[in-house]
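Trainee: I would like to learn how to read a structure of this kind. Could we go through some features one by one?

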Amino acid sequence: MSRTALRICPLCEATCGLTLTIDGTRVTGARGDRDDVFSKGFICPKGASFGAVDGDPDRLRTPLVRRDGELREATWEEAFDAVAAGIRPVVERHGPHSVGVVLGNPNVHTMAGALYPPVLLAALGTRSLFTASTLDQMPKHVSSGLLYGDANAIPVPDLDHTDHLLLIGANPLESNGSLCTAPDFPGKLKALKARGGTLTVVDPRRTRTARLADRHIAVRPGADALLLAAMAHVLLEEDLADLKDLAPHVEGLPELREAVSDFAPEEVAAACDVDAAVIRTLARELAAAPTAAVYGRIGSCTVPHGTLASWLVDVLNILTGNLDRPGGALFPQAATDRTPRPAGPGRGFALGRWHSRVSGHPEAKGELPISALAEEIDTVTDEGEPVRALVCVAANPVLSAPDGDRLDKALGSLDFMVSVDPYLNETSRHADVVLPPPPPAQSPHHDFAFNTLAVRNQVRYTRPAVPLEPGRMAETEILARLVLAATGMHGAEPEAVDAMVIEQSLGKAAKDPHSPVHGRDPRDLAARLTGVNGPERRLDMMLRLGPYGDGFGARPDGLSLEKLLAHPHGIDLGPLRPRLPQPLRTRSGRIELLPAPIAGDLPRLRAARRANPAALVLVGRRHLRSNNSWMHNVPALTGGSNRCTVHIHPDDAGRLGIADGAPVRVKGAGGEVTAPAEVTADVRPGVVSLPHGWGHDRPGTRLAHAATDPGVNVNQLLDGSLLDPLSGNAVLNGVPVELAPVG
């Protein structure tokens, strides 16, 4: 007898609602939930393949522990005993910073990944934190921190209401969007055009999104910041800037005017390979639009000037008066956000509070560049201990970080490593202990991170659609036990972690004069929490203390877990609304338009106007049926257009003697790879493209389907030395390469 159950899809940032068909304990189908308040029935190929992802036979079912050099099945008790025995001696002998923590992209797609890693990091006291953010969006966090005083205050385009949308380095028709949580992003772009709006796409590739655009600008890879700076120059030079209601909240406009005075379109046109008249037209159209939004994504983040490009995206929104304005770019308000504080000066945002041991990279948002992970393990210096133990949660940096070969060797030299991962992949194969979480159907889901980036305020929660199989352990319990084992509390009940967090959070809230529970007894508040387990009680607490919460009875119509459970398709909290100055946490209490670190990096951008471009540069690409290295083991999501090929323009192919479909050798600073050529005019001349997440050919993994068509690891072309200096983000696009036909 089949039944249906609701589940929020965890396979990309769109967070669509699904209706699963379940036979016994097996997911046999997935369709869009038409009653979902956010996605309204939309589904993409990844969501439609939820059952295949959930039921992948290569998913690990029991823990693995290394014995006599081999990973062997073990009990959960044996696995956590091994974790405690492996990590605690390293901490006691070499200090907390000798334990590294790596958090991967899937980590933010799970409820457990949001709730427990912060507790682990605080309890360990390590500064050796590396995450997928420095392969992706760290420039946006840094620019937001410098502009607004809060690295997580990221404005998103008001897709449903804008008249003019400028996308730079973004391909949401295939990625479904990121740092902008929007189910059916393609449909929203088509609706924009249907209501008479304008879509402009800046991208060196003629992507599916670019084909939909009214105007496609094939900028030279890596020149994004120059193009945006020239647009800012035009707005100021031609007196087109109009801050509107933003004016009282902004400081630094005269300094900005001076800072961009050297970036006239005529000065940057050659470096961008975009005509100066076109650049001026882009700026004038942006200023003339009734409402407009500029949105930049991974293509403009993973370049040498990623932080400057991210900053300039917001500068353009500010100069046109479109920040914090309906139809422009607004700050979402998630249901689990902290209780809103009154507007006023804050502590601001600081970079470089500590530095990496080997190369001296400054931390950003508490993180060190993941490009530096290998050297932090394999290099001995006089500046403290190397990383000797590693906790790796939902991460595969051997494929996702530059120079995987070096990192592969470095991981093999660790004293101890534990991976929380459902697969034995290119990274987890090095672990001494592998702790496999259950399939997504057996886990609850609430999007803590992505609701802070959503294009409409809403809140949804789904309990597990399928009970835990015998022998499985909930991911929340795995991470709670990992916290205990790694921090000297091995043997305590996992509920103690949640109880500690609740006690600390409610104690702090009761002392906060701006909290709805100020002055109340934290123990009484804790006793009023509902939920079947610690994670649900924590969710209930966050909902009640949040901006829409019931304040533990202070606001009877507000949110609680009980109310949310009564609305299985979610609760709509309304469109994005202007919120300034409340989100600002700068020391001035205003938007600081030209922060000192930004001003200090502008000379490097000025020098880029005269740089000699390489003959061929590399850019990445994304497939609709893929998400980094996660899904290549699912047959339904591979094949067809989802292939690891080298895109090359016909002019370059002819010049180099490369035939369509023939093997081509690509060489970069970090190594070389060989893949089939795909000759296409969808890339501009001088650009080649390889997708990321491939390279499933290393021994010792258990990814049977992925190994049949392994592809190549594009990040092996990088040696890890190219970073955006402000954010530590890896430079993955605009990298010089050489191509040659094989044989």
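Trainee: Which residues does S178 touch, not counting residues up to four places away in sequence?

Mentor: Keep in mind that this is a predicted model. With those sequence neighbours left out, S178 touches E13, Y295 and R297. The residue belongs to the loop between α7 (172-175) and α8 (185-194).

Trainee: Is S178 buried or exposed?

Mentor: The cut-off for buried is under 20% relative accessible area. S178 has 15% relative accessibility, so S178 counts as buried.

Trainee: What is the order of the strands in the open sheet?

Mentor: The four strands are ordered β11-β10-β9-β13, and their pairing is parallel. β11 (215-217) and β13 (293-296) each have a single partner strand and stand at the edges, so one side of each has no neighbour in the sheet. From one strand to the next the twist averages 15°.

Trainee: How many bridges join β9 to β10, and how many pair β9 with β13?

Mentor: Five bridges join β9 (residues 164-168) to β10 (residues 198-202). Between β9 and β13 there are four bridges, again in the parallel sense. Take L165 as a case to follow on the screen: L165 stands opposite L199 in β10, and its bridge partner in β13 is A293.

Trainee: Which helix packs on the sheet, touching β9 and β13?

Mentor: That is α15, whose direction makes about 175° with that of β13.

Trainee: How do I read the packing of two helices?

Mentor: Begin with the general idea. An α-helix has 3.6 residues a turn, so residues three or four places apart point the same way. Then look at a pair of helices. α5 (residues 117-124) and α19 (residues 475-486) pack at an angle of about 5°, and their axes are 9 Å apart. Angles under 35 degrees count as roughly parallel, which makes α5 roughly parallel to α19.

Trainee: Which residues of α5 and α19 meet?

Mentor: From α5 they are P117, V119, L120 and L124, and from α19 they are L479, L482, V483 and A486. By type, the contact of α5 with α19 holds eight nonpolar residues, no polar and no charged.

Trainee: How many disulfides are found in the whole structure?

Mentor: A disulfide is a covalent bond between the sulfur atoms of two cysteines. The search of the whole structure finds zero disulfides. C180, for example, is in none, and the nearest cysteine sulfur, that of C12, is 12 Å away.

Trainee: Are C180 and C392 buried or exposed?

Mentor: C180 counts as buried because its relative accessibility is 0%. C392 has 1% relative accessibility, so C392 also counts as buried.

Conventions: Residues are numbered from 1 along each chain as its sequence is written. This is a predicted model: local features need pLDDT of at least 70, side-chain atom pairs count only at pLDDT 80 or more; totals for chains, interfaces and linings use all residues. Side-chain values use heavy atoms; hydrogens and water are left out. Two strands pair if DSSP finds at least two bridges between them. Helices (H or I, at least four residues) and strands (E, at least two) are DSSP runs, numbered from the N terminus. Axes are lines fitted to C-alpha atoms, for helices over the stretch in contact, and angles run from 0 to 180 degrees between N-to-C directions. Contact means heavy atoms within 4.5 Å. Angles under 35 degrees count as roughly parallel, over 145 as roughly antiparallel, 65 to 115 as roughly perpendicular and the rest as oblique. Ala, Val, Leu, Ile, Met, Phe, Trp, Tyr, Cys and Pro count as nonpolar, Asp, Glu, Lys and Arg as charged, and the others, Gly among them, as polar. Buried means under 20% relative accessible area, exposed over 50%, partly exposed in between (1.4 Å probe, protein chains only). A disulfide is a pair of cysteine sulfur atoms within 2.5 Å.
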